[in-house]
Amino acid sequence: MKIDRQGATQAAVTTLQTDVTSILADTDDLQLRNRNVVRKTITFTGGAGLGAVGAVPLFTTTGRVHIERLMPYCTVDLVGATATLALGVTGSTAIFIAATTATDLDAADFWVDTAPDPAAVALPAALKEIMIDANIIGTVATADITGGAILFTAHWWPISAGATLVAAA
């Protein structure tokens, strides 16, 4: 009896490729099922928590979460003389974006750094692949932001059991 080693090897490789493809498909499916998306629009009025100097609550974190990406998009021009706005978490208020002059944020701008970009922009490292265990906040400084709106979209994964990220009340 003659053994076709090349055929047997090819069959083994094909089986292995099929198994790897199946594992990757299962992994992709698992990632999609575990990915969460949450959105919050802040309409600035100059009131407490809505543009007055201090914290603007955006997302409430329970446990440890992995921020896959955070995408702020200005929907209405911000108003506020010399006001600045930073994006971070409680205890690290500029981990995502340093203080940005509020009036530089115009409708249709992607806010990804201190110089907002209209039309299109690559998401920088500071807005992706960040692990947190504190609430995400905006920090208004120097003057109140009295008008305008920003849509914040966060893609996140739980790290610890029961971890959540929800739009702040």
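Which residues is isoleucine 136 in contact with, leaving aside its neighbours within four places in sequence?

The structure is a predicted model, in which local features need pLDDT of at least 70 and side-chain atom pairs count only at pLDDT 80 or more, while totals for chains, interfaces and linings use all residues. Residues are numbered from 1 along each chain as its sequence is written, and side-chain values use heavy atoms, with hydrogens and water left out.

To the opening question, then. With contact meaning heavy atoms within 4.5 Å, and neighbours within four places in sequence left aside, isoleucine 136 is in contact with Val56, Pro57, Leu58, Phe59, Thr61, Ile67, Leu70, Leu87, Gly88, Val89, Phe96 and Leu165.

Let me set that residue in the whole chain. Of the 169 residues, 35% count as buried, where buried means under 20% relative accessible area, exposed means over 50%, and partly exposed lies in between (1.4 Å probe, protein chains only). The chain exposes about 9,100 Å², of which carbon and sulfur atoms supply 60%; these areas come from the Shrake-Rupley method with a 1.4 Å probe, and for residues only the protein chains shown count as cover. Among contacts between residues at least 6 apart in sequence, 77% join residues at least 24 apart.

I turn to the interior. A nonpolar core is a set of buried Ala, Val, Leu, Ile, Met, Phe, Trp, Tyr and Cys residues joined through side-chain atoms within 4.5 Å. The largest such core has 35 residues, and Ile67, Leu87, Phe96 and Ile136 touch the most other members. At least two residues of this core come from each of E1, E2, E3, strand E4 (84-89), strand E5 (92-101), strand E8 (128-132), strand E9 (136-141) and E10. The strand that gives the most is E3, with five residues.

Next, the pairing of strands. Two strands are said to pair if DSSP finds at least two bridges between them. An open sheet of five strands has the order E5-E4-E9-E2-E11, with antiparallel pairing. E5 and strand E11 (164-167) stand at its edges with a single partner strand each, so one side of each is left without a neighbour in the sheet. Neighbouring strands of this sheet are turned by 20° against each other on average, direction ignored, the axes being lines fitted to C-alpha atoms. Within the sheet, E4 and E9 run antiparallel and are joined by six bridges; here leucine 85 stands opposite valine 140 in E9.

Is it mostly enclosed or open? Of the 12 residues of E10 (residues 147-158), 10 are buried, so the strand is largely enclosed by the rest of the structure. Strand E1 (residues 36-43) pairs with E10 in the antiparallel sense over eight bridges, and threonine 43 stands opposite alanine 149 in E10. Strand E3 (residues 65-79) also pairs with E10 in the antiparallel sense, over 11 bridges, with cysteine 74 opposite isoleucine 150. Threonine 153 lies in E10 and is buried, at a relative accessible area of 7%. Neighbours within four places aside, threonine 153 is in contact with Val37, Val38, Arg39, Arg69, Leu70 and Met71.

Threonine 45 is found in the loop between E1 and strand E2 (54-62), and is partly exposed, with a relative accessible area of 48%. Threonine 45 and glycine 147 are 102 residues apart in sequence but 5.2 Å apart in space, C-alpha to C-alpha. Leaving aside neighbours within four places, threonine 45 is in contact with Leu50, Ile145 and Thr146.

Finally, the backbone. Most residues other than glycine have a negative phi. Alanine 119, however, has a positive phi of about 80°; this residue lies in the loop between strand E7 (117-118) and E8 and counts as exposed at 71% relative accessibility. Glutamate 129, in strand E8, likewise has a positive phi, near 60°.

Notes:
Helices (H or I, at least four residues) and strands (E, at least two) are DSSP runs, numbered from the N terminus. Axes are lines fitted to C-alpha atoms, for helices over the stretch in contact, and angles run from 0 to 180 degrees between N-to-C directions.
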